[in-house]
Amino acid sequence: MALFDSLRKFSKNGQSLMDKLEEFYKDNRSIVYLYFYNLIGSPEESEELTQETFYQAVKSIHRFKGQSTLKTWLMQIARNTYRNKIRALAKRKYVETTEKIELQGDETFNPQKILSERQVTCDIQRIFKQMPPDYRDVLIFKEVHGFSHAEIAQILEKTPQTTKVLLYRAKKKFKALYEKEVVYREETL
């Protein structure tokens, strides 16, 4: 509610509406971007979805009731933005299968290390794609962003106890898929 109130009028310290919006964006951009990057792995698409999330947030700020923190409200919007993107892709049956590797020419460039890191990222993203959306989301919100179970519950519209169970099951599923896909592949090499 505080953001909405401050956006509707100029604050006492002389900040304009645009200043408040910029501050809101700067304070929350990285967490939204990292959420998308962990799901997609593409910096360009993550940035695009981050911008769409903030657009939707500003567009629907009048619906923020203050029943959660701004961060959890914003992450609900981010989650819905991602779901809408997936639905749109499914309708068009479009799947991006290639990723460009940008090479940087300096003395610290180590191709083997970069490829190894990319492989780990690809493995994790491939495993995430096989997991149910709630498992994927609870893992990212808890393990990557450090949200509390109460915050995750608000985002996922579930109880905190349910998010604890989801997290347990998600970790178990992730471990099983990791062992099946990654460990098995490494053993056969």
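User: What should I know before I start?

Analyst: This is a predicted model, so to speak of local features we need pLDDT of at least 70, while side-chain atom pairs count only at pLDDT 80 or more, and totals for chains, interfaces and linings use all residues. Residues are numbered from 1 along each chain as its sequence is written, and side-chain values use heavy atoms, with hydrogens and water left out.

User: Ok! How many helices and strands does the protein chain have?

Analyst: The protein chain has eight helices and zero strands. Here helices (H or I, at least four residues) and strands (E, at least two) are DSSP runs, numbered from the N terminus. Read from the N terminus on, the elements go α-α-α-α-α-α-α-α.

User: And what share of the residues is buried?

Analyst: Buried residues make up 36% of the 189 residues in the protein chain. Buried means under 20% relative accessible area, exposed means over 50%, and partly exposed is in between (1.4 Å probe, protein chains only).

User: Is E45 buried or exposed?

Analyst: E45 counts as buried, because its relative accessibility is 17%.

User: Which residue does K71 form a salt bridge with?

Analyst: K71 pairs with E151, and their closest N and O atoms are 3.7 Å apart. K71 lies in helix 4 and E151 in helix 7, so the pair ties together parts that are 80 residues apart in sequence. K71 counts as partly exposed at 29% relative accessibility, whereas E151 counts as buried at 17%.

User: What about R126 and D123?

Analyst: Those two form a salt bridge as well, with the closest N and O atoms 2.5 Å apart. R126 and D123 are three residues apart in helix 5 (residues 111-130), so about one helical turn separates them. D123 counts as buried at 4% relative accessibility, and R126 counts as partly exposed at 31%.

User: Which residues are linked in a network of salt bridges?

Analyst: That network links R79, R83, D134, D137 and K158.

User: Switching topic: how do you even find a pocket?

Analyst: Rolling a probe the size of a water molecule over the atoms shows where empty space is left. On a 1 Å grid over the protein atoms alone, a cavity is a set of points where a 1.4 Å probe fits but cannot get out, and a pocket is an open set with protein on both sides within 12 Å along at least five of seven lines; lining residues have an atom within 4 Å of a point. Grid points are joined across faces, edges and corners, and a volume is the space filled by probe spheres set on the points.

User: So how much space lies in the second largest pocket?

Analyst: The second largest pocket holds about 590 Å³ of space. It is lined by 24 residues, and W73, Q76, I77, N80 and E157 are the closest to its centre. Helix 3 (43-59), helix 4 (70-92) and helix 7 (149-156) are the elements that each give two or more residues to this lining. Helix 4 provides the largest share, nine residues.

User: What classes of residue line it?

Analyst: The lining of the second largest pocket has six nonpolar, ten polar and eight charged residues. Ala, Val, Leu, Ile, Met, Phe, Trp, Tyr, Cys and Pro count as nonpolar, Asp, Glu, Lys and Arg as charged, and the others, Gly among them, as polar.

User: You mentioned E157. Where does it lie?

Analyst: E157 lies in the loop between helix 7 and helix 8 (160-188). E157 is exposed, with a relative accessible area of 68%. It also has a positive phi of about 60° although it is not a glycine.

Methods: A salt bridge is a side-chain nitrogen of Lys or Arg within 4 Å of a carboxyl oxygen of Asp or Glu.
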